[in-house]
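Trainee: Could we go through this model together, beginning with the sheet and ending with the contact between the chains?

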Amino acid sequence: MLIAEHITKSFKDSAGTQAVRDASIALRPGELTVLVGESGSGKTTLSRILAGIIAPSSGTVLLDGKSIVPPARRKEKRLNAELQIVLQDSASALDPRYTVYRSIAEPIRNLMRLPREEERARVASLMERVQLPPELGQRHPSELSGGQQKRVCIARALATEPRYIIFDEATSGLDVLMKEKILTLIRAVHEKSGAATLMISHDMDVALYMADRIAVMKDGEIVENRACCGSPDCLVHPYSRLLLRQMEPYA
Amino acid sequence: MIRKTLKNPQAIVGLVLIIAVLLAAALAPLLAPHAPNETDLTKKFAEPCADYPLGADELGRCELSRLLYGSRASMSISLPVLLIIALLGLVLGTLSACGGKRLDAVLSFVCDTFIAFPQLVIAIAIIGILGSGARSVIVAIIVAMWAWFARMVRSYAMLEMGKDYVLAARLAGCGTAKLIFLHLIPNVLPQFIVYLSTGVASSIIMVSGFAFLGLGLGPETAEWGAMLNGARGTIYSHPEMLVYPGACILLAAAGFNLFGEALRDILEGEA
């Protein structure tokens, strides 16, 4: 289980911004949690703390009972293999000089060290899993659509079969049809892998559509965190109700 | 990018000049009608003729042959120097950008210290310590210029470090060395090549400048700066003896500068 306990994160800017305040959250195997909140509520900061990318000002992150201390976490291959994050901006998250194949193969090469034949087979299977045609393997990110770039990022994150996956605003910048396809893909990936999955979103409709559990974040605090059956009635906090009233029904 | 380069008139002019200089350097033994140091006092200040197409200098040496061999001297120093500076700049600049705050602070301090002095002052000091000669010139130019290249690479690498693909590479298990050689260097290389091509021009001018000041290659060496220095006494009687090497320095430096600036314009257009 991946647990964040009493996380606070302050940035050393002139305003002394406190992005996360005493937030606690747990990612359980097989459970898809959606962390929802307005832009600037601290969702991405909390997800990056959970992923061990940035250090909290206070609080602890425990992976299977062991503390993750950034930035040392990045050097631990085992942790990288077990915990992956799909970054928000897919266009920026892919090296412009790398082909699709090379991008997906990179974690396999670094973290699994498979023979080349097995690597090729694994990349092919990952591309198939995220519904990317094999002929895209030699293309560069600039030659892909936003949806295809997102799929490459997802395939790359799945490469080492992580037990914990974080999707940061997985559908941002995508049109409605592509949004639905990516959400369906994430759901399928989650169900097949059985990984503990955290989705970051500012759309309450996406949260209701996807979540086994919803955590609602406001001004750096988690104001509500409960299991969700897909019905808006699951959420009772006034701020959650406010977000529900503002949502547009998911197409 | 290659197509855009070939459609850019400035790049074409630069490229033609660069190729002309490189061909002159490579084919000097075939093209030169005489050996560069072959003296014939009976031909002192000879007018241009079939045997001496650009005339002869005060020792009766063929001016054209010396100019052709002079391109060799400039290129044989400038290009290896730039290659070494390029490697130093790329490795130290990217290491500074992604090697942590402490290493960045140390490397930035060292770079700032070198950048604080004019390049020529540093180079003259180094030649003063090491003495004249091609090896001293090479060391002097490297010491004088490396910090500018490292600083430039660092600033581009810092921009790249802010992009998510660097974080994604870290999460994909890339250590610092892999990050530098597989991600950062390939991504800063296009801008770096632009800077490098203008750096070649500076290096050519520096090599010739040292020779002109009598600090670099010996006066007997067929080198543009040394030829310029040697011809100072004939400025009123035979001004062409100054014009020829001066024009060679100008055209060679202009070629690399024009090409580099055209490349920069093309890259900025693509960005």
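Trainee: In which sense do strand E3 and strand E9 of chain A pair?

Mentor: Before answering, note that this is a predicted model, in which local features need pLDDT of at least 70 and side-chain atom pairs count only at pLDDT 80 or more, while totals for chains, interfaces and linings use all residues. Residues are numbered from 1 along each chain as its sequence is written, chains are lettered from A and ligands numbered from 1 in the order in which they are written, and side-chain values use heavy atoms, with hydrogens and water left out. Strands are DSSP runs (E, at least two residues; helices are H or I, at least four), numbered from the N terminus, and two of them pair if DSSP finds at least two bridges between them. Over five bridges, E3 (residues 32-37) and E9 (residues 213-218) of chain A pair in the sense called parallel.

Trainee: Which residue of E9(A) stands opposite A:Val34?

Mentor: The two strands in question, E3 and E9 of chain A, are joined by five bridges. Opposite A:Val34 stands A:Ile214.

Trainee: What is the order of the strands in the open sheet of chain A?

Mentor: Six strands of chain A form this open sheet, and their pairing is mixed. The edge strands, each pairing on one side only, are E6 (83-86) and E10 (221-227) of chain A. Read across chain A, the order is E6-E7-E8-E3-E9-E10.

Trainee: Which residue takes a positive phi in the hairpin of E9(A) and E10(A)?

Mentor: E9(A) and E10(A) pair in the antiparallel sense over six bridges, and within this pairing A:Ala215 stands opposite A:Asn225. The hairpin has two residues between the strands, and the positive phi, near 45 degrees, belongs to A:Asp219.

Trainee: How much area do chain A and chain B bury between them?

Mentor: Buried area is the accessible area (1.4 Å probe) that two parts lose on being put together, summed over both. The contact, meaning heavy atoms within 4.5 Å, takes 23 residues from chain A and 17 residues from chain B. Of the area buried between chain A and chain B, 51% lies on carbon and sulfur atoms, and the total is about 1,700 Å².

Trainee: Which side chain meets that of B:Asp164 in a salt bridge?

Mentor: A salt bridge here is a side-chain nitrogen of Lys or Arg within 4 Å of a carboxyl oxygen of Asp or Glu. The count between chain A and chain B is one. At 3.9 Å, N to O, the partner of B:Asp164 is A:Arg48.
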